Amino acid sequence: MQLVLNTSHGNRIYYRAWNERSWRPALTAVGLLAVIGEQVQQYGGRVRRYPVYASSRSDMFHVLRHTYASVQLEAGESVVSLAAWLGHSSPKITLDHYAHFMPGAGRRGLAAMDSWLADAGHKVPEKSLTAG
């Protein structure tokens, strides 16, 4: 499977590196996240300083994945397709995590049945048990 978002070497993006080096600094730059301190680490003779952010899970990289999945499901995208795009091993995993993002689930099915029942010349689907 080919990744949609990847590193310059074509590898998957490591979420912790993304959070620390890209996502949190971007949120800070637009005023959505605050720096509350500084972490100092020594590597051999080098001293590195890293900002410490006031953040929650909703500020992390994973929220992008959830946003993508919820938008796709609310738009009526197939759970099977979404599972493949998210890299889930089965659609069941996708449903376990994202079923609550499907507020319209069932409405399309009800509308389809209403339409079918309203049609006087009921066409029975080919693969139905009652088909010819």
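Q: Which side chains does the polar contact of 3.2 Å join?
A: A polar contact is a pair of N or O atoms within 3.5 Å. In this predicted model, such a contact, at 3.2 Å, links the side chain of His88 with the side chain of Arg65.

Q: Where is His88 found, and is His88 buried or exposed?
A: His88 sits in the loop between α3 and α4. A residue is called buried when its relative accessible area is under 20%, and because the value for His88 is 16%, His88 is buried.

Q: Which residues does His88 touch, if residues up to four places away in sequence are not counted?
A: With those sequence neighbours left out, His88 touches Arg65, Ala83, Ile93, Thr94 and Tyr98.

Q: At what angle do helix α3 and helix α4 pack?
A: Helix α3, which covers residues 79-86, and helix α4, which covers residues 91-98, pack at an angle of about 95 degrees, and their axes are 8 Å apart. Angles of 65 to 115 degrees count as roughly perpendicular, and α3 and α4 are therefore described as roughly perpendicular to each other.

Q: Which residues make the contact of α3 with α4, and how do they divide into nonpolar, polar and charged?
A: On the side of α3 the contact is made by Val79, Val80, Leu82, Ala83 and Leu86, while α4 contributes Pro91, Thr94, Leu95 and Tyr98. Sorted by type, the residues of this contact comprise 8 nonpolar and 1 polar, with no charged residue.

Q: How many aromatic pairs does the count come to, and why is the pair of Tyr14 and Tyr15 given its label?
A: Rings are paired if their centres lie within 6.5 Å, and their planes then decide the label: under 30 degrees apart is stacked, over 60 is edge-to-face, and the rest is tilted. The count comes to 1 aromatic pair. The rings of Tyr14 and Tyr15 have centres 5.6 Å apart and planes at 50 degrees, so this pair is tilted. As for accessibility, Tyr14 counts as partly exposed because its relative value is 41%, and Tyr15 counts as partly exposed because its relative value is 40%.

Q: Where is the place of Leu27, and where is the place of Leu73?
A: Leu27 belongs to helix α1, residues 15-29, and at 12% relative accessibility Leu27 counts as buried. Leu73 belongs to helix α2, residues 62-74, and is buried, with a relative accessible area of 5%. The C-alpha atoms of Leu73 and His100, 27 residues apart along the chain, are separated by 9.7 Å.

Q: What pattern does the protein chain follow along the sequence?
A: The protein chain has 5 helices and 2 strands, and along the sequence they follow the pattern α-β-β-α-α-α-α. Of its 132 residues, 17% count as buried. Among contacts between residues at least 6 apart in sequence, 29% join residues at least 24 apart.

Terms used
Residues are numbered from 1 along each chain as its sequence is written. This is a predicted model: local features need pLDDT of at least 70, side-chain atom pairs count only at pLDDT 80 or more; totals for chains, interfaces and linings use all residues. Side-chain values use heavy atoms; hydrogens and water are left out. Axes are lines fitted to C-alpha atoms, for helices over the stretch in contact, and angles run from 0 to 180 degrees between N-to-C directions. Helices (H or I, at least four residues) and strands (E, at least two) are DSSP runs, numbered from the N terminus. Angles under 35 degrees count as roughly parallel, over 145 as roughly antiparallel, 65 to 115 as roughly perpendicular and the rest as oblique. Contact means heavy atoms within 4.5 Å. Ala, Val, Leu, Ile, Met, Phe, Trp, Tyr, Cys and Pro count as nonpolar, Asp, Glu, Lys and Arg as charged, and the others, Gly among them, as polar. Rings of Phe, Tyr and Trp (its six-membered ring) pair if their centres lie within 6.5 Å; planes under 30 degrees apart count as stacked, over 60 as edge-to-face and the rest as tilted. Buried means under 20% relative accessible area, exposed over 50%, partly exposed in between (1.4 Å probe, protein chains only). A polar contact is a pair of N or O atoms within 3.5 Å; within protein, one must be able to donate a hydrogen and the other to accept it, and residues adjacent in sequence count only if both atoms are side-chain atoms.
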